[in-house]
Amino acid sequence: MAKIIRFPLKMKNGSEVRTLEELQENFDLESVLGYFADGRLITWLADRYYDEKAEAVAALSADMPDLNARLCAIFGVEYEQEADETDIELIRRRNEKLRILQEITADKDILDNIDLVAMDQDELDDILNKPTDKVYLYGEKFSIPSGRKNIRYIGINKPKIVLEKNKHTFDYESNNITFINTEYENTLNPYVTKGELLFLKGQFKEAYPLIKESAENGNPRAMYLMALYCNDGYGTIPIDTDKRKEWCAKAFPYKEPISMYGYAAWCIEDEHEKQKVYTDIFININEMAWDRDIIAKYVLGLMYFNGDGVTQDYTEAVKWYTKAAEQGHAAAQTNLGLMYMLACRLQFYSHSITK
């Protein structure tokens, strides 16, 4: 005969109860309702031969208006109606969420904070109506309000994030809102961060820790900027071409156009394959440049100057370098100056020859 393994019931206070007396001493209605909802309460009673109580619990149904009071009566504990805010449907939902998540993760912090896990937009809205500094996201996509400050959104299955219209990630960062293990949807340049804005102003040392943190949290555009740091140093870190390739390779799976340009430039040796990537990303980078993206304007200038995925066109290169330079992009200003200097020299040599 197989031995019966009698599991305990864990209460909110951490107690694992194995007898009726222990249940009565550590009774909390929310935990008991949870075990009632998933059927384990009846099993627990039957395994211990509390047959009458098992039958009494089996006779209850979740839609009874006085369910909570009846459960308390069965176990001989006082029912305080004024303090009762438990909801069997919410408990059922919590148990269902826990069952789903236990199949995909053993992360104790997630499982212990099941009430902070949003599986759809309505659940997210409910969580944000209460004080919290973090939310776990498990679902396809979520719309995130920029006004709910000081909060971390942590993706469990890398869900898509929908930012508010005309908002970018740096708008969220200014409210201390961060995203971890998520992707963005329907935004051309959502990966722009406060660190990037400092970088473009030439504040390289101040920008570096912010960019590094964003890169480590899964921002591919920040990974591209980390590759730039590894390539040029900017008086901040040692030049390291191996690390440069590592950051580019890490960013590439995200298919973010700017970081894909860096990957093609620094990680692909075959010229035909390199040009294929440039061609694939040209339309997106062009669109981003027209959408006021400063780095995209600079990269578009590079692409026209070098003939990366597009017919080489110095006039277009000057145009886009100028647009980026006017918004403070230091490298664009340098490249633009070099092009004007080269043009002046060519004009001088041409004039000398004709004389």
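How many bridges join strand β7 (residues 160-162) to β9? Two bridges join them, and the strands run parallel.

## Model and confidence

This is a predicted model, in which local features need pLDDT of at least 70 and side-chain atom pairs count only at pLDDT 80 or more, while totals for chains, interfaces and linings use all residues. Residues are numbered from 1 along each chain as its sequence is written, and side-chain values use heavy atoms, with hydrogens and water left out.

The protein chain has a mean pLDDT (the predictor's confidence in each residue, from 0 to 100) of 88, and 94% of its residues reach 70 or more. Over residues 351-355 the pLDDT is below 50, and this stretch has zero contacts (heavy atoms within 4.5 Å) beyond near neighbours in sequence. Where pLDDT is low, the predicted coordinates should not be read in detail.

## Two open sheets

Helices (H or I, at least four residues) and strands (E, at least two) are DSSP runs, numbered from the N terminus. Two strands pair if DSSP finds at least two bridges between them.

K160 has E183 in β9 as its bridge partner.

Two bridges join β3 to β4 (residues 134-137), and L137 in β4 is the bridge partner of A118.

## The largest pocket

The largest pocket holds about 900 Å³ of space. On a 1 Å grid over the protein atoms alone, a pocket is an open set of points where a 1.4 Å probe fits, with protein on both sides within 12 Å along at least five of seven lines; lining residues have an atom within 4 Å of a point. Grid points are joined across faces, edges and corners, and the volume is the space filled by probe spheres set on the points.

The lining has 26 residues, of which K10, Y35, R94, L98 and L111 are the closest to the pocket centre. At least two lining residues come from each of β1 (9-10), α2 (29-37), α6 (88-102) and α7 (108-112). α6 gives the largest share, eight residues.

## T86 in its loop

T86 is found in the loop between α5 (67-74) and α6. T86 has a relative accessible area of 24% and is therefore partly exposed (buried means under 20%, exposed over 50%, partly exposed in between, with a 1.4 Å probe and protein chains only).

Leaving aside neighbours within four places in sequence, T86 is in contact with L29, E30, L33 and N68. E30 is 56 residues from T86 along the chain, yet their C-alpha atoms are separated by 6.1 Å.

Nine of the eleven residues of α14 (residues 257-267) are buried. Among them are M260, Y261, Y263 and W266. The buried residues of α14 pack against α12 (220-232), α13 (241-251), α15 (271-290) and α16 (294-306).

The whole structure has zero disulfides (pairs of cysteine sulfur atoms within 2.5 Å). C248 is in no disulfide, and the nearest cysteine sulfur, that of C267, is 4.5 Å away, too far for a bond. C248 counts as buried because its relative accessibility is 1%, whereas C267 is partly exposed at 23%.
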